[in-house]
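Me: I am new to reading structures. Please take me through this one, a feature at a time.

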Amino acid sequence: MGEDRPTPSSEPAAQPSEAGVTTGALARRLGVSPTTLRSWDRRYGVGPAVRSGGRHRRWTPQDVAMLEEMCRLTSAGVPPAEAARTARKGVERIPSGSDPRAAAGPLGRQRSQAAGALPLGDVRQECRGLARAAVRLDAPAMDDQLASLVERHGLVVAWDEVMVPTLHAVGRKWESSGDRYVEVEHLLSWHISRTLHRATEPARPDAPATGPGPVVLACVPGEQHSLPLQALHAGLAELGLPTRMFGAAVPTEALTAAVRRLGPTAVVLWAQTRSTADVPLARHVAGTHWGVKGARNHPAVVLGGPGWAGRPLRGMLRPTGLRDALGSLRGLYDGVAPVPAS
């Protein structure tokens, strides 16, 4: 689509079909930003062999093989200048017209086993690209890919099928490598958080003063893992539901005071680990009432996170994931789902 039909020519190199792929397509394939590819070309000479019209980069299979090797080496911690020299030499040894992947021999076949590769398993291609960018600490690529994911697939799919699997892969790599890659997890988490915050903008109109109260989101005391709550917050904003996001490790007294002041439709309590899942707190929040005598009300309590597993609490919702949580809260807010009985 959008390509001219090739015309007969005695100069095969001029045929559009041999011009290769664009910088944008290659960047998505490798999990780097187009800016990174242009920088590598300018600084280290790992540029394309063909430039259409003298400006636009077109990457041949040999160029792609060179960049894949460059990415593998930098992901393994090799300085970019040294990685570029090695990648260029590897491509120079590939005979003209041969398959670059086959000619790369054992090295090419073992790229997925290289140092720095993350144990992603069978997940979306976007997940692999995000993981490669994270290992290289390539902030522009992470920002570009995360924004594109939310735009193309929506928040729920981006979170469930790309962000979470990549975070888990980084965590497994950290656990199995003696505290290496901690910086990868921190940077990736920050960029995911930044993307989720952007997904809540522009601000949605809040609920009217006489309407149902907002959804309160809070991590239980001692719980610092707030990214899942941020994803839920972004999803609720996407639905146009009013929220109050209190974030990590909310003290019991502060949470109780907020519930009494706001009169929320629901309170989501996040606990990542069993040690932070505070059952008495959940019961206390569920039993909190407000309003005048004869018209008192109380919130629905939603228990989020693996910390609540195996601790069924009567009258409280326990969604299985982001999509389920959004559906349950939407139903509560619209009045189509009853508040669980205490």
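Me: Which elements do the buried residues of helix 13 pack against?
Reply: Packing is read from contacts, meaning heavy atoms within 4.5 Å. The buried residues of helix 13 pack against helix 12 (252-262), strand 6 (266-270) and strand 7 (300-304). Helices (H or I, at least four residues) and strands (E, at least two) are DSSP runs, numbered from the N terminus. This is a predicted model, so local features need pLDDT of at least 70 and side-chain atom pairs pLDDT 80 or more, while totals for chains, interfaces and linings use all residues. Residues are numbered from 1 along each chain as its sequence is written, and side-chain values use heavy atoms, without hydrogens or water.

Me: Which residues of helix 13 are buried?
Reply: Buried means under 20% relative accessible area, exposed over 50%, partly exposed in between (1.4 Å probe, protein chains only). In helix 13, residues 279-286, the buried ones are V279, L281, A282, V285 and A286. Look down the helix axis: these residues fall within an arc of 160 degrees (by the directions from the axis to the C-beta atoms), so they line one face of helix 13.

Me: What sits on the face turned away from that buried side?
Reply: Exposed residues sit there: P280 and R283.

Me: At what angle do helix 10 and helix 11 pack?
Reply: Compare axes, which are lines fitted to C-alpha atoms over the stretch in contact; angles run from 0 to 180 degrees between N-to-C directions. Helix 10 (residues 182-199) and helix 11 (residues 227-239) pack at about 20 degrees, with axes 8 Å apart. Helix 10 supplies S189, I192, S193, L196, H197 and A199 to the contact, and helix 11 supplies L227, Q230, A231 and A234.

Me: Is the crossing of helix 10 and helix 11 left-handed or right-handed?
Reply: It is left-handed. That is the word if the near helix is turned anticlockwise from the far one by less than a right angle; clockwise is right-handed.

Me: What does Q230 touch?
Reply: Q230 is in helix 11. It is buried, at 13% relative accessible area. Leaving out residues up to four places away in sequence, Q230 touches S193, L196, H197 and M245.

Me: At what angle do helix 11 and helix 14 cross?
Reply: Roughly 45 degrees, and their axes come within 10 Å; helix 14 is residues 322-334. Helix 11 and helix 14 are therefore oblique to each other. Helix 11 passes helix 14 in a right-handed crossing. The contact involves A231, L232, G235, L236 and L239 of helix 11, with L322, A325, L326, L329 and R330 of helix 14.

Me: Which residue joins its side chain to that of D143?
Reply: R194 does, through a polar contact of 3.0 Å. D143 is found in helix 8 and is buried, with 13% relative accessible area. Not counting residues up to four places away in sequence, D143 touches H191, R194 and R198.

Me: Where is G305?
Reply: G305 lies in the loop between strand 7 and helix 14. It is buried, with a relative accessible area of 8%. Now check distance along the chain against distance in space. G305 and Q272 are 33 residues apart in sequence, yet 5.1 Å apart C-alpha to C-alpha. Not counting residues up to four places away in sequence, G305 touches W270, A271 and R318.

Me: What phi does L137 have?
Reply: L137 has a positive phi of about 60 degrees, although it is not a glycine. It lies in the loop between helix 7 (125-135) and helix 8 (139-153). At 41% relative accessibility, L137 is partly exposed. A249 is not a glycine either, and its phi is positive, about 45 degrees. A249 is in the loop between strand 5 (243-247) and helix 12. Its relative accessibility is 25%, which counts as partly exposed.

Me: How many helices and strands are in the protein?
Reply: There are 14 helices and seven strands. Of the 342 residues, 45% count as buried. Among contacts between residues at least 6 apart in sequence, 70% join residues at least 24 apart.

Definitions and conventions
Parallel < 35°, antiparallel > 145°, perpendicular 65-115°, else oblique. Polar contact = N/O pair within 3.5 Å; in protein donor to acceptor, adjacent residues only side chain to side chain.
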